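I opened this notebook to record what I looked up, one topic at a time.

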Amino acid sequence: MADEEKHGYKIELSALLTIGGIALLFALAIIVVVVSPMFLDPSWVQPSSHFQVQMYEVSDPHTYISRTASGSADIEYVNHLVDGYSLLSFKENDGVRIVAPKDLERYITRLEDKDLKLTSRLLLLRRPMDSPSFAAAEEGEALRKRLKSQWEKDNPNWKEQGLQRRDYSVNELYDPQQTEAFALGLTQGFVENYVDENYVLLDEPSADYHSDPGVVYISNPEEYRIRRFQRGNEKGYRYDPKGEPIASVEQLTDDELGFTSRKDLISMGEHVYAIEGCWYCHTDQSRTLIQDSVLNGSDSYAAPPSSGNEYIYQKITFPGTRRIGPDLARVGVKRPSRDWHKSHFWEPRTESPGSIMPSFRHFFDDDPRGQRHTVIGVPNRNFEAVFQYLMTKGTRITPPTQAWWLGKDPLKTTEIIEGRKRVKK
């Protein structure tokens, strides 16, 4: 009996030591992976820049994406503008001029202005329209004629020289007297306007990001309006600057218009990436190896290995262990073309000869009427989601005025390639 108790005690002690050892290893893992990086380099697990924060917390939630029409393969972007929050610029260029009532002229960045003027007051551009307080159409046409006449004086022999006579577009800056509005966005919605020098805020900062060293902003916003149509049994809508305005986010995202915020699409794309098993064959990390630094860098500068701050806005991180397919950590930099990804998901071997990646044609809708003259189906929401998700890979790290990998090459890869540093064997 005493021996049995003794052996039982040894078994209990062994179990306790095993549990304690596991707990100790787990604690050490947490310290190494989570705690120590904060002391070695806090930026490793924090946003890399104010630009990264603005993209995910300011731009993404207020950028909406949908098809241009039912059954269309084209998409359009709409910016949600909020008075006192969204930063806007109204800038003239060689072919575009702006007219405005006296009290709004201060918001226009003229050709001769050195600094870009930004405002958080909700203003919009439109085709000049006369009103009781401002004859915008009359003034705009008069300005257009003066500009054309001046161009002809500056180029007296334009006909003999075979030049095309310059024409000008004139817009009106006006106050919609609203707290929110929707503006037609860029054709490439993941490329943002950003400025960090030679700009001035015309209003007191009313949102936290207004005080950052640089800001994302919307350039020359024109109100997004729609006109509904019906062809036989088909109903739809199209963008029309003379159509009806969008009343609210709820209307923009309802079943009829079908817009989805870029923030939600990115989150949805992460889910699609997970359930489709993309991480079985693709890694999502640039390693501390020369080949990775060169592959994910540029001709002049080697790229740094991946760090925690590249994944801080993801719910799931897919570092991966196999590279049957190429690493995707910097795919947003290396493959930014939407058309490339459309073709690649439809039939991978058209873009990557010899690829063993299966086709993802369920990312596309068929055209049952056979009226669309394209060999590729119409991208559906799964495609748009995974594409927007992939476009976050390697991008948004630092402002576009900076190369985010500069000075962050721990391997001194460029020196190794140029023979100025030897690799220890």
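I keep in mind that the model is predicted.

**Entry 1: two loop residues.** I looked up Gln177 and placed it in the loop between strand 10 (169-174) and strand 11 (180-184). Gln177 is not a glycine, yet its phi is positive, about 55 degrees. Is Gln177 buried or exposed? Its relative accessibility is 71%, and exposed means over 50%, so Gln177 counts as exposed. I then turned to Asn220, which sits in the loop between strand 14 (215-219) and strand 15 (225-231). Asn220 also is a residue other than glycine with a positive phi, in this case near 45 degrees.

**Entry 2: a surface patch.** Which residues form a nonpolar patch on the surface? I noted Leu24, Leu25, Leu28 and Ile31, which together have about 400 Å² of accessible area. Leu24 belongs to helix 1 (residues 2-40). Leu24 counts as exposed because its relative accessibility is 53%.

**Entry 3: the largest pocket.** I wrote down a volume of about 640 Å³ for the largest pocket. Its lining has 28 residues, and those nearest the centre are His282, Pro326, Leu328, His344 and Met357. Two or more lining residues come from each of helix 7 (331-334), helix 8 (338-346) and helix 9 (381-390). Which element gives the largest share of this lining? I found that helix 8 does, with four residues. Sorted by class, the pocket lining has 17 nonpolar, seven polar and four charged residues.

**Entry 4: the cavities.** How many cavities of 30 Å³ or more are there? I recorded two.

The largest cavity has a volume of about 150 Å³. Of the 15 residues that line it, Val58, Ser59, His62, Ser86 and Ile218 lie nearest the centre. Helix 2 (50-59), strand 2 (75-82) and strand 14 each give at least two residues to this lining. I listed its classes as eight nonpolar, six polar and one charged.

The second largest cavity has a volume of about 40 Å³. I found Asp284, Glu310, Tyr311, Gln314, Ala329, Thr392, Lys393 and Gly394 in its lining. These divide into two nonpolar, three polar and three charged residues.

Terms used. Residues are numbered from 1 along each chain as its sequence is written. This is a predicted model: local features need pLDDT of at least 70, side-chain atom pairs count only at pLDDT 80 or more; totals for chains, interfaces and linings use all residues. Side-chain values use heavy atoms; hydrogens and water are left out. On a 1 Å grid over the protein atoms alone, a cavity is a set of points where a 1.4 Å probe fits but cannot get out, and a pocket is an open set with protein on both sides within 12 Å along at least five of seven lines; lining residues have an atom within 4 Å of a point. Grid points are joined across faces, edges and corners, and a volume is the space filled by probe spheres set on the points. Ala, Val, Leu, Ile, Met, Phe, Trp, Tyr, Cys and Pro count as nonpolar, Asp, Glu, Lys and Arg as charged, and the others, Gly among them, as polar. Patches are made of residues with over 30% relative accessible area and no salt bridge: like charges are joined within 9 Å, nonpolar side chains (Val, Leu, Ile, Met, Phe, Trp, Tyr) within 5 Å. Accessible areas come from the Shrake-Rupley method with a 1.4 Å probe; for residues, only the protein chains shown count as cover. A salt bridge is a side-chain nitrogen of Lys or Arg within 4 Å of a carboxyl oxygen of Asp or Glu. Buried means under 20% relative accessible area, exposed over 50%, partly exposed in between (1.4 Å probe, protein chains only).
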